[in-house]
Amino acid sequence: MSHTRTVVYSGFEREDGMWDIEAALTDVKTYNFVIPSQGPREAGQPIHGLNIRLTVDDQFIIHEVFTDMAHIPHPECDQAPQGMHLLIGCKLGSGWRKAIDARIGGTAGCTHLREMLFNMATAAYQTIPSARQFRNQQAGLPDEVPTTPPPHVGKCMSWALDGAVVQRHYPMFYQKPSDA
């Protein structure tokens, strides 16, 4: 192995009712090397050490964006977070990648930050609904019955509308397979 990229996503409920969805990316090499703008780097020393925190509400709307770039390969990289505030007001969900590209795509942003942002929507959807369901169960409240399919239904072979998983978990949205 000569290179390792580690990306970790985390989600947290805040005391104010909002949610923090965080991403951390670290790139390291297993050998000593040189970055012309910064000089020699030792094996294991991070090339990239990037963090993003999105603060979102229950509707997955972004209210705050925080970016930290503790390790960057070029001095110019420190300019990359400047446009991140343009994501405030965007919704994590359908059209999220287009929203990222429209606001901080190409040379208006950083490839690595965009890559991290893409999957922050998934982290939010893994965090918020299940935490709300757990909180309601702890309070003795009945499970909410969805009136529309959750965002992941119909977007994966396991969650196909005519599949067994949807039939078990969301029978109200199950669609019998067509015999075409």
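Which residues does Thr127 touch, not counting residues up to four places away in sequence?

View 1. Thr127 touches Gly11, Phe12, Trp19 and Ile21, not counting residues up to four places away in sequence, where contact means heavy atoms within 4.5 Å. Thr127 has a relative accessible area of 14% and is therefore buried (under 20% relative accessible area, with exposed over 50% and partly exposed in between; 1.4 Å probe, protein chains only). The model is predicted, with local features needing pLDDT of at least 70 and side-chain atom pairs counting only at pLDDT 80 or more, while totals for chains, interfaces and linings use all residues. Residues are numbered from 1 along each chain as its sequence is written, and side-chain values use heavy atoms, with hydrogens and water left out.

**View 2. Cysteine sulfurs of Cys77, Cys90 and Cys110**. With a disulfide taken as a pair of cysteine sulfur atoms within 2.5 Å, the count comes to zero. Cys77 is in no disulfide, and the nearest cysteine sulfur, that of Cys110, is 6.3 Å away. For Cys90 the closest cysteine sulfur, also in Cys110, lies at 18 Å, too far for a bond; Cys90 itself counts as buried, at 6% relative accessibility.
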